[in-house]
Amino acid sequence: MIQNFAIDQAATFESLLFLSCEPKTAFGDAFRQETTKDGLPKWEAQLVARFRQFGRATNEIIKVGLVAERQPAEDLTPATPVELVGFEIGVMDKKDREGNATGAQVWYRCQEVRPLTSTAPRTRRGEAPAQTEAVAS
């Protein structure tokens, strides 16, 4: 069963505003940052997502996971309009202690959070961001 879905941000949200980005802490240890199997630090960005529901504007705070060597949004200030590069939604079964499915759990992740004013080239899922070279004048 498919569990990860690429999201068309422009078709889903009227806007996304950056709020904050903090280290994602390990379960049960609020002082240790969670990492990937490869040792890369995990981060959690909080954003205000504005979308239409039943013809009315609705705002919701969403948490989006990222993986990056350093703080991925250190140059962003709160309320900056952003785009999420490689934005995905994931759905998985929520289970009780006996392993019975009791519902669904939804999560979001992306490769990068960048201001809408950015001119950096976009990347496709699974590709590394393009390296830029300084041009001598």
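Tutor: Helices and strands are DSSP runs, numbered from the N terminus. Keep in mind that this model is predicted.

Student: With that in hand, where is Thr80 found?

Tutor: Look in the loop between β6 (56-67) and β7 for Thr80.

Student: Is Thr80 buried or exposed?

Tutor: The general idea is that a residue under 20% relative accessible area counts as buried. Thr80 has a relative accessible area of 15%, so Thr80 is buried.

Student: Which residues is Thr80 in contact with, leaving aside its neighbours within four places in sequence?

Tutor: Thr80 is in contact with Leu16, Leu17, Phe18 and Pro115, once those neighbours are set aside.

Student: Let's turn to charges. How many salt bridges does the count come to?

Tutor: A salt bridge needs a side-chain nitrogen of Lys or Arg within 4 Å of a carboxyl oxygen of Asp or Glu. By this rule there are 8 salt bridges. Take Arg52 and Glu14 as one case: their closest N and O atoms are 2.7 Å apart. This pair links distant parts of the chain, with Arg52 in strand β5 (residues 42-53) and Glu14 in the loop between α1 (9-12) and β2 (15-23), 38 residues apart.

Student: Which residues are linked with Glu14 and Arg52 in a network of salt bridges?

Tutor: Arg50 joins them, and the network is made of Glu14, Arg50 and Arg52. Glu14 counts as partly exposed because its relative accessibility is 41%.

Student: What does Arg114 form with Glu83?

Tutor: Arg114 forms a salt bridge with Glu83, and here the closest N and O atoms are 3.8 Å apart. Again the pair links distant parts of the chain: Arg114 sits in strand β10 (residues 112-115) and Glu83 in strand β7 (residues 82-85), 31 residues apart. Both Arg114 and Glu83 are buried. For Arg114, the relative accessible area is 3%.

Student: Which side chain meets that of Arg114 in a salt bridge at 3.1 Å, N to O?

Tutor: That is Glu112. With 23% relative accessibility, Glu112 counts as partly exposed.

Student: Now polar contacts. What does the side chain of Glu88 make a polar contact with?

Tutor: Its partner is the side chain of Arg109, at 2.5 Å. You can find Glu88 in strand β8 (residues 88-95). Glu88 counts as buried because its relative accessibility is 4%.

Student: How many disulfides does the structure hold?

Tutor: To pair as a disulfide, two cysteine sulfur atoms must be within 2.5 Å. The structure holds 0 disulfides. For Cys21, the nearest cysteine sulfur is that of Cys110, 8.7 Å away, and Cys21 is in no disulfide. Cys110 is in no disulfide either, its nearest cysteine sulfur being that of Cys21.

Student: Is Cys21 buried or exposed?

Tutor: Cys21 counts as buried, since its relative accessibility is 5%. Cys110 is buried as well, with a relative accessible area of 7%.

Student: Let's finish on the surface. Which residues form a nonpolar patch there?

Tutor: Residues in a patch have over 30% relative accessible area and no salt bridge. In this structure Phe5, Val91 and Val106 form a nonpolar patch, and together they have about 220 Å² of accessible area. Of these, let's look at Phe5, which is placed in strand β1 (residues 4-6). Phe5 has a relative accessible area of 37%, so Phe5 is partly exposed.

Key:
Residues are numbered from 1 along each chain as its sequence is written. This is a predicted model: local features need pLDDT of at least 70, side-chain atom pairs count only at pLDDT 80 or more; totals for chains, interfaces and linings use all residues. Side-chain values use heavy atoms; hydrogens and water are left out. Buried means under 20% relative accessible area, exposed over 50%, partly exposed in between (1.4 Å probe, protein chains only). Patches are made of residues with over 30% relative accessible area and no salt bridge: like charges are joined within 9 Å, nonpolar side chains (Val, Leu, Ile, Met, Phe, Trp, Tyr) within 5 Å. Accessible areas come from the Shrake-Rupley method with a 1.4 Å probe; for residues, only the protein chains shown count as cover. Helices (H or I, at least four residues) and strands (E, at least two) are DSSP runs, numbered from the N terminus. A polar contact is a pair of N or O atoms within 3.5 Å; within protein, one must be able to donate a hydrogen and the other to accept it, and residues adjacent in sequence count only if both atoms are side-chain atoms. Contact means heavy atoms within 4.5 Å.
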